[in-house]
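Hi,

Here is the structure I said I'd send over. Have a look at it first, and my notes on the packing follow below.

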Amino acid sequence: GLPPPTAMAPALAAAPPPPPRPLLSSSPLLTTHRIPRRRRRFSPTTHLDAAATARATRAADPRTCRYPAYDRLLPCPSKDDPPRIEHLVAREDEVAGDFISRSLNLPPLYVADLIRFGAVYYALVAPQPPPYAAPEHVRIFREVTEPSLLRQRASIKGKTVREAQKTFRVTDPSQHLEAGTYLRVHVHPKRFPRCYEIDWKSRVVATTDDFVVLNKPAATSVGGATDNIEESCVVFTSRALGLESPLMTTHQIDNCSEGCVVLSKTKEFCSVFHGLIREKQVKKVYLALTTEPVSPGIITHYMRPLNRAPRLVSEDHIERWHLCQMEILDCKKVPWPKPLITKVHKVDNCGWPKQEAAYECKINLMTGKTHQIRAQLAAIGAPIVGDSAYMTGVIAAMANPSINPYGRASLNYNNEEEKAAAVEAWVACHGKEPKSVIGLQASEISWDYEGEHHYYKAGVPWWRQDAVESDLV
């Protein structure tokens, strides 16, 4: 039989991926999509020790955690395994867990954990393969979506093809799969080791019958990732407060940012808060630690409407690009973070040439686009300290101002192909999304509702803390 879950978990977490399976017409495997990334060693058992301590605490006082705990797939690696996404199609009626385990040669317990993490998706009909798909992938797709076969399937009657291709999470290893059902399995989900290092109860700013205000730590996700909804602020805060069901997200801030987020206890308040955001009744004030001074006043850009990083912005209006505005309320010179603090928080300075002083900007966020503050500050040559995604672009533009096709020193392009090539070259100048912390804090959040004013403020930002104050030491 299988060893106990806790004994098996470390071995599962460190298990190497199985070799690629051949694409045969009888195989359930549509395609294997791998993105190269360096393999890293796993961290020591710090997170496993933390999980054991948490289990002991719960055993001593069961009231401290009514939301179900999770203690497998530990220790959580400090670095992610190379992304591995598998695409399967069931050729006959199957049980989800058994089918995935058999098809991908994965232990059943590991598959159950992937499902628990929200890393497995299904659709009644396989989606259209991407343009770069292998010919065999395309052939199998056409085979399993042949109209005469689809007409025989009762589960998709009355649905359009697009409706039948919509993906949903598999929530139970025993879920029944009808022949022809498509699966997408994220074999190596993105992990969030910082979740196991935080005293979550101490990060709660306020709690009411309707919501919780959390001073979100950096290097954590508010609501989870596409392939990991377990290691998130909503889940860990729910456990810390002993709630019977998880909190719900009402808005987001970047994983690498810290500060105030509002988590809802009820669907009704979720709806209310979303309405307040739409009506621009929620005021958000940020603190940003920049490499250069920024003059007070309103900064306006237009952001490319493409949902991928880096977010590109232009000072000039471009049709269909999104308006981005923020107001610099104050900017003061402060010391560059001390080496001990940057080491503790794993801040990436990206080789920035001047590290004598930094600048703390107080910002009123007027529009709320993804990466807006980060992209706008980088566009004016004052990137946020530690922001490896945008700081490298600024360094490249300092060396060659014309490399930014949307900057003031941009070149004149003879045709759209030249402009598109310049855009891709500019994108390539940017770095990867930060894995730890950047100099950005959602410092204050406030709103009025039913005659009551709500105002909440986060704690001292990491760059102003002494090393002894840091919750990472």
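**Surface and core**

The protein exposes about 23300 Å², with carbon and sulfur atoms supplying 53% of that area. Keep in mind that this is a predicted model. Of the 473 residues in the protein, 50% are buried.

On the fold: I get 13 helices and 18 strands for the protein. If you take the contacts with a separation of 6 or more, 75% of them come from residues 24 or more positions apart.

Now for the inside. The largest nonpolar core has 39 residues. Within this core, W200, Y286, M326, I363, I373 and L377 have the most contacts. Several elements give two or more residues to it, among them the strands β9 (211-216), β11 (258-264), β12 (283-290), β15 (322-335), β16 (357-365) and β17 (440-449). The helices α8 (233-240) and α11 (372-379) are also on that list, and α8 gives the most, with five residues. This core also takes in two domains: at least three residues come from domain 2 (190-279) and at least three from domain 3 (282-472).

W200 is a handy place to start browsing. Leaving out residues up to four places away in sequence, W200 touches C195, L214, P217, T220, C233, F236, T237 and A240.

There is also a second, separate core, this one of 23 residues. Its members include I341, Y390, M391 and V394.

Cheers

How values were computed:
Residues numbered from 1 in each chain as written. Predicted model: local features only at pLDDT ≥ 70, side-chain atom pairs only at ≥ 80, totals over all residues. Heavy atoms only, no water. Core = buried A, V, L, I, M, F, W, Y, C linked by side-chain atoms within 4.5 Å. Buried < 20%, exposed > 50% of the residue type's maximum accessible area, 1.4 Å probe, protein only. Helix = DSSP H or I, 4+ residues; strand = E, 2+ residues; numbered from the N terminus. Domains from an automatic or database assignment. Contact = heavy atoms within 4.5 Å. Areas by Shrake-Rupley, 256 points an atom, 1.4 Å probe, with all protein chains shown as cover.
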